[in-house]
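Hi,

Here is the structure I promised to pass on.

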Amino acid sequence: MKILLVNPPIYDFAAYDFWLKPYGLLSVAGYLRGSADFKLFDYLDRLHPFAAQQTGLESDRWGRGRLYCEKVPNPACLKDIPRYFRRFGLPRELFIDFLTAWQSCDFVLIQTMMTYWYPGVREVIEDIRNAWPNAKIILGGNYVTLCGKHAQRLGADLIVSGTNLDPLWQYLGIAPDLNQPTFWQTYEKLKTGVLKLSDGCPFNCTYCSVPKVYSKFKARPLERSFTELELLCRLGVENIAFYDDALLFEPEKLLIPFLNGVLQRDIKVNFHTPNALNARFITKDLAKLMVRAGFKTFYLGFESASAKWQQQTGSKVFSDELAQACQYLIAAGAERQNITAYQILGHPKTDIQQLEASMRFVNSLGIRGMLAYFSPIPGTVDGGFCHKWVDMDEPLFHNKTAFPIIMLGFDEISRLKDLQRKLNLHLPAGKSNMTSRHL
Ligand code: B12
Ligand code: SF4
């Protein structure tokens, strides 16, 4: 059996390779290891020979970088957003050439990610239908899980919603081996990778889909995570991002044994946490262990210094907990300019969020602030409030650049962005040029 794996291009106002990898897709391929021949086409692979030839797409010190892009017209419903719309990823012709050069596969598995990135998925489906009319197209991942009805319209043969993969195994007629690690070997060249030690999150934030999609927090088998880590190291990976939603929860059962294992095995890679850590769980000892084991960048999900806002949205973390965590991290040897607190911008409860005060508070801790543009998610409490501003049944309106502008206005967004940039210029040690989680 031949299976093509595709990570689609992104249509958006902005996109950046912030350790982006199609981890769900590659995990599924890993479970099928030995039962099929795989080929991968990852539009976002900056080490692909085409991308590697372009100037300006070089990786930074931690393996991140700009993606190749072309300007395209704004979608009709976003025509009033005063920002350029772009298509990020390898040119479409490369994929068409690829499809022409390779004989048709039996199945094509496509990764879906942000709900508002569906135009990239639609483009891939169109090209496959044209070139390989008999191939069966299967979609899985975040967009199809959150917008199942909308995804039906794209014309795939199977949609795998959520985390239950049984329908997929039945459709393929293959019994998976769930002990197998992610299929990283499918990249010809790989410098950054991803790990996920757990699924789900014990919190219930009103703006987040994770509690509903994953139900309870659950640790993944540690042995399998070590196998994945060792595989990544063998392939020459230098930077690894955790995609966990609650990496620090119950650390004595999960992260501490994992990091002790990293030290015992004398593994030397840089770890990163773009999906945010909860500052509440950072103790003095955990901070030391994380730094010793190779954590280099620390992204902390803070959102707001307003206790009222926190209480009304799930009580994820409070200001004193952030301050304490920063102290521990800095004392453990983390560099201030590599500690970043995300703060949500364009949230429906903006009136009680005290965003400016929150930004100044973060700055007073001597760490970087980053604005996390709010993306309303269907099925969440806060997504429910957003019908007031946008048509939530059109995923393009979940766009994190568009929604805050629609809600607060372009001038206000520019003012806050500028304020964040200025605050970051005045960090005690070093300066930062990245002002928003605007990837
Ligand atoms: C990692 C991550 C990121 C990464 C990027 C990931 C990437 N490759 O693009 C970073 C940190 C950069 C990021 C950024 C953002 N993110 Co994010 N992110 C995630 C996270 C944690 C995982 C997504 C993922 O990779 N899933 C795949 C893997 C890891 O999941 P898995 O459980 O192993 O997959 C299983 C099944 O889902 C299934 N499966 C998964 N994929 C596939 C594919 C196929 C073909 C099949 C068959 C099955 C299948 O099989 C697996 C079985 O084990 C999700 C939350 C979550 N837990 O899903 C949010 C999530 C996707 N992000 C979200 C948000 C809000 C954002 C931001 C807007 C935050 C902000 N304001 O800055 C930005 C947007 C970035 C942008 N440019 O627009 C939202 C979704 C928003 C939306 N409208 O779609 C989510 C759902 C979190 C939430 N708050 O609810 N994110
Ligand atoms: S702590 Fe993070 S992952 Fe968990 S529910 Fe809140 S926002 Fe979502």
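**What sits around ligand 1**

Of the 40 residues around ligand 1, the nearest are Tyr116, Ser209, Tyr214, Asp245 and Tyr373; a residue is near if one of its heavy atoms lies within 4 Å of the molecule. Before you go on: this is a predicted model, where local features need pLDDT of at least 70 and side-chain atom pairs count only at pLDDT 80 or more, while totals for chains, interfaces and linings use all residues. Residues are numbered from 1 along each chain as its sequence is written, chains are lettered from A and ligands numbered from 1 in the order in which they are written, and side-chain values use heavy atoms, with hydrogens and water left out.

Back to Tyr214: one of its polar side-chain atoms is 2.6 Å from an oxygen atom of ligand 1. Arg220 also has a polar side-chain atom by a ligand 1 oxygen, at 3.0 Å, and for Lys196 a side-chain N or O atom is 3.2 Å from an oxygen of the ligand. (A polar contact is a pair of N or O atoms within 3.5 Å.)

What is the shell made of? It divides into 22 nonpolar, ten polar and eight charged residues. Here Ala, Val, Leu, Ile, Met, Phe, Trp, Tyr, Cys and Pro count as nonpolar, Asp, Glu, Lys and Arg as charged, and the others, Gly among them, as polar. Helix H1 gives the largest share, five residues. Domain 1 (2-172) and domain 2 (192-437) both contribute to the shell, so ligand 1 lies between them; the domain bounds come from an automatic or database assignment.

H1 (23-31) lies across strands S1, S4 and S8, at about 145 degrees to S8. Helices (H or I, at least four residues) and strands (E, at least two) are DSSP runs, numbered from the N terminus. Angles run from 0 to 180 degrees between N-to-C directions, with axes fitted to C-alpha atoms, for helices over the stretch in contact, meaning heavy atoms within 4.5 Å.

Those strands belong to an open, parallel sheet of five, ordered S4-S1-S8-S9-S10. S4 (37-42) and S10 (158-160) are at the edges with a single partner each, so one side of each has no neighbour in the sheet. Strands pair if DSSP finds at least two bridges between them; S1 (2-7) and S8 (107-112) have four, and Leu5 has Leu109 as its bridge partner in S8.

Cheers

Notes: Polar contact = N/O pair within 3.5 Å; in protein donor to acceptor, adjacent residues only side chain to side chain.
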